Amino acid sequence: MSPAKKRGAAASILVDNLWWNNPVFVQVLGICSTLAVTNNLSNTLIMTTGVSLATAFSSATLSAMNKAIPAKVRMIVQVLVISFYVIIIDIVLRAYLPEVSRSLGPYVGLIITNCIIMGRAEAFARSNPPALSFWDGLTSGLGYMAVLVAIAVVRELFGFGSFAGVPLLGPRWTSWTIMIMAPSAFFLLAMAMWGLKTLQERMKGGKR
Amino acid sequence: MSPEIHPLTLLVASIFTNNILLSNFLGMCSFISISKDQKSSSGLGLAVTVVMAITMIASWAVLKLVIEPAGIGYLSFIIFIIVIAAIVQVLEMVIDRVSPALYLSLGIFLPLITVNCAILGAILFMQIRNYGFLQAAAFGLGSGAGWWLAIALLSSIRKKVDAAPVPAGLKGAGITLVTIGFMAMAFIGFSGMVNVQ
Amino acid sequence: MKKDSIAYTVGFTFVVCAAFVFFLALANELTKDRVAANQRLAERRAILAALGAEPGPGESADEAYLRLVAEIRPEAGTPGRASPLYRLGAGETAAYAASVSGPGLWGGISAVLAVDAQVSRIVGLELVSQNETPGLGGRIGEAWFTAQFRGEALSGGRIRVRQGSGSGDPDPGNGELDAVTGATLTSAAVERIVNAGLASFEALRDGGKLR
């Protein structure tokens with residue numbers, strides 16, 4: 001499928017998850033829980049880091065216990081494992097980054113229902129060893145992070161005139177309220193998807 | 001903490017001005033993939049509304065009667081997920097026994113719902129905003145109905161959009177997101193409407 | 001034992017659940033004190049900010065709070081007041097703060113409101129939590145909105161939030177403040193919450209408690 005297949009397994013997973021099979025703009029997965037916080041770069045970074053770690057650890061754990069899980073309760077066990085890591089993330093945030101935890105509100109908990117985590121657990125971790133599953137989960141998260149961070153940079157810059165909380169455009173900048181509000185996230189994501197997909201098509205065409 | 005917000009305000013607000021999908025982005029995954037088809041969209045929307053209303057009330061009860069008295073707030077994510085999964089399972093069995101016809105139209109969507117972030121999201125909002133019973137019930141029903149409205153509208157719009165000449169890179173998810181963006185903007189227009197206070 | 005037997009399924013689920021809950025309880029226990037300390041610190045920061053007091057150089061908010069602010073617990077049986085009052089300074093020039101809260105459009109809004117000893121001026125308002133729509137009502141959390149409350153003289157003992165330029169009312173003498181554009185209901189909610197807080201400060205003043 002992708003030209004990256006010839007390299008080593010780990011490298012090919014990396015390239016695949018970041019580019020050819022990016023969870024956001026190719027698979028359109030998991031945007032629910034994070035798109036809402038993309039009007040602020042720091043929050044987005046923390047959220048997507050949380051998603052990457054949760055995906056990596058739950059993929060590894062589920063891959064390790066794959067043989068032992070009875071078929072009937074497979075889904076509920078998956079959800080349990082994912083919730084476990086998300087709660088750990090929530091506890092760590094509350095203890096060490098209280099401000100971030102407060103501004104993220106319920107969205108940390110929503111990492112549980114992020115479809116990427118479930119998706120990787122089903123599609124990859126089920127048939128691969130733990131270490132490779134961990135790597136797959138982590139890189140999927142990174143591919144996800146890359147797109148959302150790009151959106152967050154644009155939204156925060158135009159919406160608040162700042163970059164990661166540092167005022168950049170000066171006091172005379174009139175903030176674009178639309179950038180703080182929901183519709184801009186849809187438009188920006190669509191634009192990112194358009195650009196990146198077109199580029200991907202071109203690269204595929206060039207290789208042929 | 002917020003006993004005075006009128007449940008009716010919440011009901012209207014959660015359907016229109018703060019639609020859980022259009023302003024909180026919750027439940028996007030199934031939203032984008034299912035909205036291709038009008039009939040399934042309506043089915044899934046109905047299922048989400050029913051499950052959302054029931055789970056919201058159940059989670060409210062669990063929160064007030066179990067989680068808060070026992071002081072196990074840190075476990076609430078897991079408990080809510082189990083509540084949702086259990087209710088979906090029970091609902092599936094009940095519908096199957098009572099009305100096979102309804103099961104055919106609704107039942108196939110039920111398993112999809114356990115992992116629908118809109119449900120867990122609405123419950124977590126209920127927890128963090130500390131709603132009372134009536135508020136929680138109104139918010140649950142409104143959020144579900146709002147999600148239903150959004151997916152029903154989108155699936156009809158998509159039917160037209162699919163026939164339109166769209167640039168290759170924007171086809172599918174891309175143009176759907178643009179459409180959702182316009183819908184979200186239109187829904188902001190409802191902002192002045194909620195005056196039930 | 002067969003993997004798909006009921007006994008195995010139930011046993012497996014039980015063991016997994018028990019193990020996870022054990023680890024989560026452990027993690028929660030280990031961080032409990034820290035979380036509580038964080039909450040106290042955030043509360044103290046808000047009180048200091050509402051009172052217009054800055055921690056000195058090299059001083060933490062906790063230290064500044066303990067040095068500057070006197071906590072007045074309500075006497076047992078005081079009607080209508082359950083939360084403590086915070087005092088900065090003494091006598092005529094003292095400033096008093098208390099937490100105020102009420103419903104916004106989506107959920108509770110809670111804040112710390114500080115007034116002078118005569119309850120003729122607002123010393124400051126600091127939002128602690130709100131769940132309003134980001135970009136609309138959520139903008140009550142922005143600095144320009146709360147900054148207009150600083151030093152605002154009351155007119156008739158109350159404030160009024162009215163539609164304005166949306167960049168903050170520049171006149172601290174008229175008891176009027178700019179609402180957030182497009183968030184009339186949230187702005188009105190803030191007005192109600194602040195005015196209710198002012199009323200209870202007045203009751204305390206008339207009861208001779210603000211001395």
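In the predicted model, a salt bridge joins the side chains of Asp90(A) and Arg94(A), with an N to O distance of 3.3 Å. Both Asp90(A) and Arg94(A) belong to helix α4 of chain A, which spans residues 74-96. The two residues are 4 residues apart in that helix, or about one turn. Over all chains, the structure contains 9 salt bridges.

Helix packing was examined in chain B. Two packed helices are described by the angle between their axes and by the distance between those axes. Helix α3 of chain B (residues 38-70) packs against helix α8 of chain B (residues 133-163) at an angle of about 170 degrees, and the axes lie 8 Å apart. Because angles over 145 degrees count as roughly antiparallel, α3(B) is roughly antiparallel to α8(B). The crossing of α3(B) and α8(B) is right-handed. Sorted by class, the residues in the contact of α3(B) with α8(B) comprise 17 nonpolar, 10 polar and 1 charged.

Notes: Residues are numbered from 1 along each chain as its sequence is written. Chains are lettered from A and ligands numbered from 1 in the order in which they are written. This is a predicted model: local features need pLDDT of at least 70, side-chain atom pairs count only at pLDDT 80 or more; totals for chains, interfaces and linings use all residues. Side-chain values use heavy atoms; hydrogens and water are left out. Axes are lines fitted to C-alpha atoms, for helices over the stretch in contact, and angles run from 0 to 180 degrees between N-to-C directions. Angles under 35 degrees count as roughly parallel, over 145 as roughly antiparallel, 65 to 115 as roughly perpendicular and the rest as oblique. A crossing is left-handed if the near helix is turned anticlockwise from the far one by less than a right angle, and right-handed if clockwise. Ala, Val, Leu, Ile, Met, Phe, Trp, Tyr, Cys and Pro count as nonpolar, Asp, Glu, Lys and Arg as charged, and the others, Gly among them, as polar. A salt bridge is a side-chain nitrogen of Lys or Arg within 4 Å of a carboxyl oxygen of Asp or Glu.
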